[in-house]
Amino acid sequence: MNLKQLAHMLALSQTTVSRALNGYPEVNEETRRRVMDAAKRHGYRPNPSARRLATGKTGMIGYVLPTGASVDIDPHFVEFLSGLGDYARSHELDLVLSPADADDQETTYRRIVANRQVDAVYISSPRPADRRVALVNSLGIPFIVHGRSEGFDFDYAFTDIDNEGAFREAARLLIQLGHRRLALINGDDRETFAIHRERGVRRALAASGLTLGERHVCSVVMTEENGYRATRRLLEEGDAPTAIACSSLIMALGVVRAVRDLGLSIPGDVSLIAHDDVFPWLRPENFSVPLSTTRSSIRLAGARVAERLAARISGLEEGARGEVWPVDLVVRGSVAGAPAKLKANRSEGRS
């Protein structure tokens, strides 16, 4: 079915049908829904070239994918991409990945914007004063940042979670349980999410007259092995923590393994809280001891970023609005009152 046939069937003009399919704000919601339902029911697919000529839009969302030997594509990114892709697929949008040297992503951004390859882009894993955000803002293309970057004299659109608040509440719970020596196994502390999480832990401790020792902060790539190595170091040194806050369930797998290998127990010797991005294949309640978590779905965040990009492309969303989602604290069996002392035999099971 072509556009003319679809319009004739709906008793609407071709212009109205085209504008409804492309999300123009002047088409009312009832008409838009009617057109979209009919298009889906009858298998209508717009001709990409014709749509671009008629609307100036490609129907594509862009992402500049850093590549190179130092870049790992981790499960957090894949889960976010799944949510974004689910929304894009159901709304006739395509996702274009443009590979770029990790140290020179700006060149790729300039190229895809100059060539009008996409209608909008999103930026992930932002750092403070991130050059990508400043560049894309200057290029005038619609964009959304997943996360936040600080240090600009302009506002921009972003979707983020309350990382600071989540880890402040997690640390506060541990303090209320009597813990005085907390450790943080964090992600890359060059990225804003990790900075905010550390800030949250420090502020909770400061409110109780406590501090986070520099040896009790680990900043690592969020893998199971790094979680294991960080935990071994923390627990084998003097003044070992009695509680650990961890930035990923994947790293928490390593934490649990290290605690077990040292002959210790959760929560008898060490309490543990981790951030849960809600992976369908890794559930905190299925850990050997059900894991307490700060919980927010990264897949839903991906869908929300796609939804907002679609709205910005169509003109339904304008301005530089930021969204910060609250994070749930879910208490399970991995936290308990602080032990009187950590078992002396920390070297048991040492490799």
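D239 lies in the loop between helix 10 (224-236) and strand 8 (243-246), where helices (H or I, at least four residues) and strands (E, at least two) are DSSP runs numbered from the N terminus. D239 has a positive phi of about 60 degrees although it is not a glycine, and with a relative accessible area of 45% it is partly exposed, a class between buried (under 20%) and exposed (over 50%), for a 1.4 Å probe and protein chains only.

The model is predicted: local features need pLDDT of at least 70, side-chain atom pairs count only at pLDDT 80 or more, and totals for chains, interfaces and linings use all residues. Residues are numbered from 1 along each chain as its sequence is written, and side-chain values use heavy atoms, with hydrogens and water left out.

An open sheet of mixed pairing is formed by 6 strands in the order 7-6-8-9-10-12; two strands pair if DSSP finds at least two bridges between them. Strand 7 (217-219) and strand 12 (328-330) each have a single partner strand, so one side of each lacks a neighbour in the sheet. From one strand to the next, the twist averages 15 degrees. Strands 8 and 9 run parallel and are joined by 4 bridges; A243 has S271 in strand 9 as its bridge partner.

Helix 11 lies across strands 6, 8, 9 and 10, at about 155 degrees to strand 9. Here contact means heavy atoms within 4.5 Å, and angles run from 0 to 180 degrees between N-to-C directions of axes fitted to C-alpha atoms, for helices over the stretch in contact.

In the loop between helix 11 (249-261) and strand 9 (271-276) is P267, joined to I266 by a cis peptide bond with omega of about 5 degrees.
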